[in-house]
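Here are my notes on the model you sent. They are set out as numbered points, to be read next to the coordinates.

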Amino acid sequence: MDQKITTRIPRFSAAERITHWMAALCFLYTALTGLSMWSRKLFWIATIFGGGETVRALHPWGGLLFSAALGIMFLRWRKRMAVDADDIAWLKQSHKYATNVKEGLPEVGEFNGGQKMLFWMQTVFTLLLLVTGAVLWFPSEMPSALRLGAVLLHPLAAIGSIGGIIVHIYMGTAAVPGALRSMTRGYVSEEWAAAHHPKWLRQIPKS
Amino acid sequence: MSQTVAKLIDTTLCIGCKACEVACQEWNDQEFTLGTFGGTYQTMPSLASNFWNLIKFNEIERDGQLSWLMSKYQCMHCADAGCMRACPAPGAIVRLENGTVDFAHDNCIGCGYCITGCPFDVPRLSPVTKKVYKCTLCSDRTAVGLTPACIKTCPTNCLTFGSRDELLRMAESRAEELKSDGHKDAGVYNPEGVGGTNVLYVLKESSNPQLYGLPKDPQIPWTVALWKGPVKWLGTAVMLGGILGTFFHFIRYGPKDHD
């Protein structure tokens, strides 16, 4: 992976990369401050971020910014993230992908079934977090029934979202060398594209 | 080791003078914010962040006659307190040695989770300080051996303060007295669902506490119990499992090299 890349295949535009990292930073802030208010044992995280009152005041804004960044990603990628028959077949064989078995997996397009799952998971969880978060933001104004639902759904959606992101970070860094560069510098090597996204590579017009 | 204290409210003796409301405002140095007039004798429709003790004039009709069932609405100082269960800030809600549930405002972050955790709808978020307030059982008075302000001022002995065990006995014998006077439904309100409360009531109509604005069988809401119980284990499992799982996955299978 460290050898010189001869052919640079553009994968993510500057706008896509900036949006992704905006979302990533907001996620990091919102998830950590959220955890600090989730358990008294994690309250020390609030101290790092300026104390409980600051965290209580800013966590909702972090969530709003994250939702906005994710909203942009949703609008930009939703068509490219549509799950097709190949993705379903791939997902059914995903245990092979997870154990690095190359045989028996359908060819992957721009995104594989797992990436698409993450995209739709985060979309649903973020929507849930946004709605329940709005309820928790203004406890005095919200009826008790809504708050009682929100205190349960907000952490559940957050757990799903954080769980997905842990796997996402692993896949994007250690597990798939070359993936991180596609999101930092924006390009991949031809060999990388051929190995991980062959169907996509064939669709790119040769320059 | 100090004993658990309690407040006994004999609702049959309340004359609705509201002296306890005034005493509470005075002692706690709170300004009175005018509420809405709802056509009743009540001072306010409900509690507020700067109004911790409300005498309710519950109107009922009996044999074509209008009647008041008086009750006092304030923090119940539950043995199993929903506000404490819900609070994320260490030391923001504390239980004093005498059983009082008290808010330590230096540690309160103003999230308002206690409002959702409370089965009695008592804590109120102040829009000014962004912190939550409620009756302290006059912890600053009881700490130096004084009785709470509302009790000190009550002119009819409707309110009594003292050892919880003793007050429970008093309450029971008062309920018996009411029964022998013909009030067959008289009884003590000390809900078991929250482990008992440090505010006890003698009610003439004890099988219908709702008539007094008191919940029939208050419990810590089940969503709050789930959130602070199994959901925490689930979250810990997912997050720790995710981190450890991906790490050991890498150790076992290594990166997906493309050559």
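This is a predicted model: local features need pLDDT of at least 70, side-chain atom pairs count only at pLDDT 80 or more; totals for chains, interfaces and linings use all residues.

1. Helices H6 and H7 of chain A. Helix H6 (residues 113–137) of chain A and helix H7 (residues 144–175) of chain A have axes that come within 8 Å and cross at roughly 150 degrees. That angle makes H6(A) roughly antiparallel to H7(A), since angles over 145 degrees are counted that way. The crossing of H6(A) and H7(A) is left-handed.

2. Residues between H6(A) and H7(A). From H6(A) the contact includes A:Leu118, A:Met121, A:Phe125, A:Leu129 and A:Leu136. Among the residues they meet in H7(A) are A:Leu146, A:Arg147, A:Ala150, A:Leu153, A:Ala157 and A:Gly164. By class, the contact of H6(A) with H7(A) has twelve nonpolar residues, nine polar and one charged.

3. Chain A against chain B. Contacts link 33 residues of chain A with 32 residues of chain B. On the chain A side, two or more residues each come from helix H3 (52–77), H7 and helix H9 (190–196). H7(A) gives the largest share, 15 residues. The chain A side divides into 20 nonpolar, eight polar and five charged residues.

4. H7(A) with a helix of chain B. H7(A) packs against helix H8 (residues 230–253) of chain B at an angle of about 5 degrees, and their axes are 10 Å apart. The two helices, H7(A) and H8(B), are therefore roughly parallel to each other. H7(A) contributes, among others, A:Leu152, A:Leu156, A:Ile159, A:Gly163, A:Ile166 and A:Tyr170. H8(B) contributes residues including B:Leu234, B:Gly235, B:Val238, B:Gly242, B:Ile243 and B:Phe250. The contact of H7(A) with H8(B) comprises 16 nonpolar residues, four polar and no charged.

5. Domains of chain B. The domain assignment divides chain B into domain 1 (5–216) and domain 2 (229–259). The C-alpha centres of these two domains of chain B lie 49 Å apart.

6. B:Leu214. Apart from neighbours within four places in sequence, B:Leu214 is in contact with B:Ser71, B:Tyr189 and B:Pro209. B:Pro119 is 95 residues from B:Leu214 along the chain, with 9.9 Å between their C-alpha atoms.

Notes:
Residues are numbered from 1 along each chain as its sequence is written. Chains are lettered from A and ligands numbered from 1 in the order in which they are written. Axes are lines fitted to C-alpha atoms, for helices over the stretch in contact, and angles run from 0 to 180 degrees between N-to-C directions. Helices (H or I, at least four residues) and strands (E, at least two) are DSSP runs, numbered from the N terminus. Angles under 35 degrees count as roughly parallel, over 145 as roughly antiparallel, 65 to 115 as roughly perpendicular and the rest as oblique. A crossing is left-handed if the near helix is turned anticlockwise from the far one by less than a right angle, and right-handed if clockwise. Two residues are in contact if their C-beta atoms, placed from the backbone, lie within 7 Å. Ala, Val, Leu, Ile, Met, Phe, Trp, Tyr, Cys and Pro count as nonpolar, Asp, Glu, Lys and Arg as charged, and the others, Gly among them, as polar. Domain bounds come from an automatic or database domain assignment.
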